[in-house]
Amino acid sequence: MKFHGSDQYVATPDLMLAVNAAVTLQRPLLVKGEPGTGKTMLAEQVAQALGMPLLQWHIKSTTKAQQGLYEYDAVSRLRDSQLAGQGDERVKDIRNYIVKGVLWQAFTAEQPVALLIDEIDKADIEFPNDLLREIDRMEFYVYETRELVKARHRPIVFITSNNEKELPDAFLRRCFFHYIKFPDAQTMQRIVDVHFPTLKKDLLGAAMKTFYDVRNLPGIKKKPSTSELLDWLKLLVAEDIPLEALQSQDDKVAVPPLVGALLKNEQDVTLFEKLVFMQRHNR
């Protein structure tokens, strides 16, 4: 199986190489990069391109590794025993109260699947360590039923991180790592063409200039990402914003329309407005 990109996702050669290297090594692909650079979408597009089902596990701050394997619902069993009595056949069989997690589903799937563990750095620092054995050996033990669950097919595992926490070295050693860099102008052009193939070139050129003016603003706290650029372009088209609204007469930076799609906190908006004000008064 080789990933060569897709019609909906612009993958750079180094990213395609990383995906195929992880598949060859049978290691999880750990993908880092700025929020909005397409880390989650990568797993979706690889699964689609290779014709594989995709299972997703979106990690929260309260997520525990055990939830990815299975959970024993003792509360439901106790409730059922009280309502139906201890003689009920369902209550007697503990398997009826084992809730299979995403890893269990991936391990026992009829065909190879892609597995996305999204934003692993949101969880507790021990979370990656708790998954070391399962991801490495592709098996885990269910103590309640005394059975060993082994992977029928090794899934292609994608793990994303926004660098909110450092991941343990032992975990990193078991992964193939790739950092998705912010797209250069040529790659960004290809990405926009995929989503807006009929966008007029003059409007796109003015929008791209404004976007990079905002992104390159010194001192900005939250730089707009690729996904935010696409959201902004969608709004420009939907609201039929004229080209003149994106252009300034003297090539100075101007406050763009619908700037809330690009700047996401008041400090950055204020900073950008100050820059525009200073440039207007320094003509």
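User: Which residues does histidine 178 touch, not counting residues up to four places away in sequence?

Analyst: Histidine 178 touches Asp14, Leu15, Ala18, Leu29, Leu30, Val31 and Lys32. Contact here means heavy atoms within 4.5 Å.

User: What kind of model is this, and how are residues numbered?

Analyst: This is a predicted model, where local features need pLDDT of at least 70, side-chain atom pairs count only at pLDDT 80 or more, and totals for chains, interfaces and linings use all residues. Residues are numbered from 1 along each chain as its sequence is written, and side-chain values use heavy atoms, with hydrogens and water left out.

User: Is histidine 178 buried or exposed?

Analyst: Histidine 178 is buried, at a relative accessible area of 9%. Buried means under 20% relative accessible area, exposed over 50%, and partly exposed in between (1.4 Å probe, protein chains only).

User: Which strand is histidine 178 in?

Analyst: Histidine 178 is in strand E9, which covers residues 176-180. Strands (E, at least two residues) and helices (H or I, at least four) are DSSP runs, numbered from the N terminus.

User: How many bridges join E9 to E1?

Analyst: Five, and the two strands run parallel. Strands pair if DSSP finds at least two bridges between them. Phenylalanine 176 in E9 is the bridge partner of leucine 29.

User: What else does E1 pair with?

Analyst: E1 also pairs with strand E8 (residues 156-161), in the parallel sense over four bridges. There, leucine 30 has isoleucine 159 as its bridge partner.

User: Which way do the E1 residues point?

Analyst: Leu29, Val31 and Gly33 point one way, Leu30 and Lys32 the other, and all are buried. In a regular strand the side chains alternate between the two faces of the sheet.

User: New topic. How many residues are in the largest nonpolar core?

Analyst: It has 31 residues, and those with the most contacts inside it include Trp57, Ile117 and Ile159. H6 gives the largest share, five residues. A nonpolar core is a set of buried Ala, Val, Leu, Ile, Met, Phe, Trp, Tyr and Cys residues joined through side-chain atoms within 4.5 Å.

User: What does isoleucine 117 touch?

Analyst: Leaving out residues up to four places away in sequence, isoleucine 117 touches Trp57, Ile59, Ile135, Val157, Phe158, Ile159 and Thr160.

User: Last one: how do E6 and E7 pair?

Analyst: Strands E6 (residues 139-142) and E7 (residues 147-150) pair in the antiparallel sense over four bridges. Their hairpin has four residues between the strands, and arginine 146 takes a positive phi near 55°.
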